[in-house]
Amino acid sequence: MTFLFTPPAVVSVPVAGTAGRFPVRRVYCVGRNYVDHIQEMREGNERDDPFFFQKPTDAVAGDGALVPYPTRTADFQFEGELVVAIGAEGVNVTTEQSMELVFGYAAGIDLTRRDRQRDCRERQISWEAGKSFDASAPCGPITPRTQTGDLAGAELRLAVNGEVHQRTPLALMIWNVAEIIAHLSTDYRLRPGDLIYTGTPAGVGALVPGDVVRAEVDGLAPLSVTITENGNSHDDH
Ligand code: MN
């Protein structure tokens with residue numbers, strides 16, 4: 001067989017402390033998972049079941065990446081999140097079984113065209129334009145769960161140009177990691193290489209070119225990306 005053109009490279013994320021890389025299969029995100037963010041967005045109910053959306057695999061950007069300001073938005077926002085890296089297959093797993101699927105954890109950022117997301121919501125159409133665009137899923141190096149433990153006491157922080165905008169104990173997640181995996185595995189067969197962005201706390205805000213965005217979770221390698229001018233603005237139509 002001959003490919004008509006060179007197939008895209010496999011997207012991968014470094015594993016902290018090793019030369020190995022984690023090849024990414026799919027990117028799942030939890031829609032809302034902290035009460036204070038639900039309140040600031042004025043949507044939903046904390047007792048609702050978790051819901052999920054996906055980003056393209058090649059939206060993953062690594063630590064140190066330059067992220068172009070996306071097209072067709074005037075409200076490009078950060079969401080600092082814990083990312084779960086799946087290392088084993090499972091479907092319909094229980095919360096008791098679900099941690100066996102976890103390979104490790106990373107600090108991540110769910111970049112969002114907030115104005116487009118709100119427009120999608122008002123028109124009752126898919127969030128895709130607000131969430132699933134190029135470079136919208138920065139992910140830091142993955143630290144294996146064997147080194148981190150369960151992160152129960154860890155804090156998540158997100159800073160822009162050194163100023164902290166988001167800070168929360170991971171313990172305040174509405175749905176914890178085991179519950180997220182159990183829920184997600186009722187809709188999809190999870191496989192090695194899947195990443196799950198677990199939702200963001202309050203404090204989200206807008207970015208402009210030149211901003212340096214840093215996400216940190218205690219016990220994990222930090223993630224830092226820089227927002228650049230949109231090099232494709234002449235294609236913006
Ligand atoms: Mn998010």
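**Questions on a predicted model**

Biologist: Which residues does Val177 touch, not counting residues up to four places away in sequence?

Modeller: A contact means heavy atoms within 4.5 Å. Leaving out residues up to four places away in sequence, Val177 touches Leu82, Val84, Met99, Val102 and Tyr105.

Biologist: Some ground rules before we go on. This is a predicted model: local features need pLDDT of at least 70, side-chain atom pairs count only at pLDDT 80 or more, and totals for chains, interfaces and linings use all residues. Residues are numbered from 1 along each chain as its sequence is written, and side-chain values use heavy atoms, with hydrogens and water left out. Now, is Val177 buried or exposed?

Modeller: Buried means under 20% relative accessible area, exposed means over 50%, and partly exposed is in between (1.4 Å probe, protein chains only). Val177 has 9% relative accessibility, so it counts as buried.

Biologist: Val177 is found in helix α6. Which elements do the buried residues of α6 pack against?

Modeller: Helices (H or I, at least four residues) and strands (E, at least two) are DSSP runs, numbered from the N terminus. The buried residues of α6 (residues 177–187) are Val177, Ala178, Ile180, Ile181, Ala182, Leu184 and Ser185. They pack against β3 (27–30), β4 (52–55), β8, α2 (95–98), β9 and β15 (195–197).

Biologist: Which residue caps the N-terminal end of α6?

Modeller: Look at the backbone nitrogen of Ala178. A side-chain oxygen lies 3.1 Å from that nitrogen, and it belongs to the capping residue, Asn176.

Biologist: Ser98 is in helix α2. Which backbone oxygen does the side chain of Ser98 reach?

Modeller: Ser98 has a relative accessible area of 0%, so it is buried. Beyond its neighbours within four places in sequence, Ser98 is in contact with Val93, Ala178, Ile181 and Ala182. A polar contact is a pair of N or O atoms within 3.5 Å; within protein, one must be able to donate a hydrogen and the other to accept it, and residues adjacent in sequence count only if both atoms are side-chain atoms. At 3.0 Å, the side chain of Ser98 reaches the backbone oxygen of Thr95.

Biologist: Which residues coordinate the manganese ion?

Modeller: Donors are N, O and S atoms within 2.8 Å of the metal (3.2 Å for Na, K and Ca); water is not among the atoms, so sites may look incomplete. The donors here follow the spacing E-x1-E-x28-D along the chain. At 2.0 to 2.1 Å, they come from Glu79 (OE), Glu81 (OE) and Asp110 (OD).

Biologist: What volume does the largest cavity have?

Modeller: A cavity is a set of points on a 1 Å grid over the protein atoms alone, where a 1.4 Å probe fits but cannot get out; lining residues have an atom within 4 Å of a point. Grid points are joined across faces, edges and corners, and a volume is the space filled by probe spheres set on the points. The lining of the largest cavity includes Glu79 and Asp110. Its volume is about 50 Å³.

Biologist: What is the phi of Ala135?

Modeller: Most residues other than glycine have a negative phi. Ala135 lies in the loop between α4 (128–131) and β11 (137–138). Its phi is positive, near 65°.

Definitions and conventions. On a 1 Å grid over the protein atoms alone, a cavity is a set of points where a 1.4 Å probe fits but cannot get out, and a pocket is an open set with protein on both sides within 12 Å along at least five of seven lines; lining residues have an atom within 4 Å of a point.
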